[in-house]
Amino acid sequence: MKVMKFRHIIPALMLAAGALSLGSCEDMMDLGSDDYVFGEDNRLDSANDSLYSSVGILSQLQKVGERYVLLGELRGDLVTVTENADMSLREVSEFTAGSDNVYADRRDYYSIINNCNYALERMDTTIVEHQNRVMVPEYAAIRCIRAWTYFQMGLTYGSVKYVDKPILSLEESEMEYPVIGLDDLVDRLIDDISRYAAEKTPDNGLGSVYFQPRLLLADMFLYRNRYAEAARLYYEYINESHQTMSSYYSNCWETAQASEIKTREFLGFTTYYITGIRYNTDLRADRPNLINLTYSDTPSLVAARWWVDEMAAVTHFHINNQGAPTIQGYLEGDTRGRFVFANGLTQESVSVGYAGESAETLITKYRNQITDINDQLTNPSNPLASGCMINSLPLMRLSHVYLRYAEALNRMGKPTMAFAVLKYGLKPDVMADPEKIDPAELEDNLAWTNFSSTDYSGSYGTACHGRGLGIDLQQSTYVIPEFDTPEQTMEWVEDEIMYELAAETQFEGNRFFDLVRVNAHRGGTEYFADRVSRRFENRDAARTRLLDRANWWIK
């Protein structure tokens, strides 16, 4: 077993300030310093201490935000690299990245983990103020940050060296630590955060920078095929937060000629925001380079051609602002992708479009959600992205929650209820309509399938965001076909959910996890290999390589 080494553990001034800037760990994390400051006597025994601790740790997440997107999309099926991409990006995309690839470096992840371990060991959760255990919310939040970081490492490298105590000495840095694979890691993380599932995020004004414990745990349950537990947690979040998929960001045409469309749905990348990595607005601060990588005359990353073509081929169901169909017949195209008006004009969407002289279909999602700062960030090499910066990267949005809830329902034998999440929205009249949801799926009367409250009356299906508000009236093509077996029905609905996850959350960093998770539902490796290989020119060779799960990871 390899030895994990830690260097430059705790700068004394930062420790005294509570910022907890711990150093790195690993067999690949030697920072070249033999100076150590030991922190055994530093306790976190006030609410302010816990706040400083979590803020310091949250700031470290900024270092892995861009990697979350790149590693999650380049190993999926929606993004491909161009000849402009550097070797590290190309190797990740081709599943050939080795130890010399820049994304093989684990230092930033282990630094976050070591900070979390330090804070968790020293936080006094017994302190009570005004009958509240004031340290518990921050404690739970830091535990979730650690779990999320480990989860990302498992999804990136396939295995991790698991450490749950801070490394504060040379002797500790040279100890051997257990190496565990992704599946065993997820089981351990489930055990680690389960008792905090109902804990609220800290009430310190930072809001959506924290992970929702229920949702993080639900994702892990879903990955491990524990569908009922996942569905219950997704529902509890939805129900307690009164979150619905509204029609506000849904597509509808302003004219009967389909020549003008509401543009508010193009803001979808920043809507329904639950958790994300926030970046400093200081122009000198580091932030993701995703705009330059994707929205340029010489892009490094572009939308995969098969995906652009698939979005263009689906049927769009029209309805006007008053809720009535306005066009005879249907137009093709999902407006969450690049689409064409009836008059032939091309429209960029929140996700893809053309730019400059590029013949590629560019990813516009990052450019469309930026903060404009005039000429302060002018980039002569990429005028398309000049004057723009990314202030945040969403990690979880409401679309994720509803669609993964549908994924769990479907796997539990409730395909019509799952499909209703996409087509109709879960609300009282839909739940009571046997033509929309099979009553047999509701006979178990589970508390976490109850959408009878009028609080849900304004909920709509996710598909209407890109395929029209009229989709819930359509009864010919967007319906569950008649199949011979329940398994065939379930897999058809699951494929539709995966399409919706792609259309709703494409290019946001979670596609690799989506594919690996559904592959776990189906067993083997064929599902993953079949879908990812379709973006390669030599599809057969790529499929053969991806049938070996060991090739999915960064070495």
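Mentor: The confidence score to keep in mind is pLDDT, the predictor's confidence in each residue, which runs from 0 to 100. The model is predicted, so local features are taken at pLDDT of at least 70 and side-chain atom pairs at pLDDT 80 or more, whereas totals for chains, interfaces and linings use all residues. Residues are numbered from 1 along each chain as its sequence is written, and side-chain values use heavy atoms, with hydrogens and water left out.

For this chain the mean pLDDT is 83, and 75% of the residues reach 70 or more. Residues 1-40 stay under 50 in pLDDT, and the model has 115 contacts for them beyond four places in sequence, a contact being heavy atoms within 4.5 Å. The pLDDT is also below 50 over residues 372-378, a stretch with 16 contacts beyond near neighbours in sequence.

The chain holds 19 helices and 18 strands, which are DSSP runs numbered from the N terminus (helices H or I, at least four residues; strands E, at least two). Of its 555 residues, 58% count as buried, where buried means under 20% relative accessible area, exposed over 50%, and partly exposed in between, with a 1.4 Å probe and protein chains only.

Now to the packing itself. Two packed helices are described by the angle between their axes and the distance between the axes. Helix 8 (residues 213-223) and helix 17 (residues 511-522) have axes that come within 8 Å and cross at roughly 45°, the axes being lines fitted to C-alpha atoms over the stretch in contact, with angles from 0 to 180 degrees between N-to-C directions.

On the side of helix 8 the contact is made by Asp219, Leu222 and Tyr223, and on the side of helix 17 by Phe513, Val516, Arg517, Ala520 and His521. These contact residues divide into 5 nonpolar, 1 polar and 2 charged, with Ala, Val, Leu, Ile, Met, Phe, Trp, Tyr, Cys and Pro counted as nonpolar, Asp, Glu, Lys and Arg as charged, and the others, Gly among them, as polar.

The loop between helix 16 (486-505) and helix 17 also deserves attention, as the place of Phe507. Phe507 has a positive phi of about 70° although it is not a glycine, and Phe507 is buried, with a relative accessible area of 0%.
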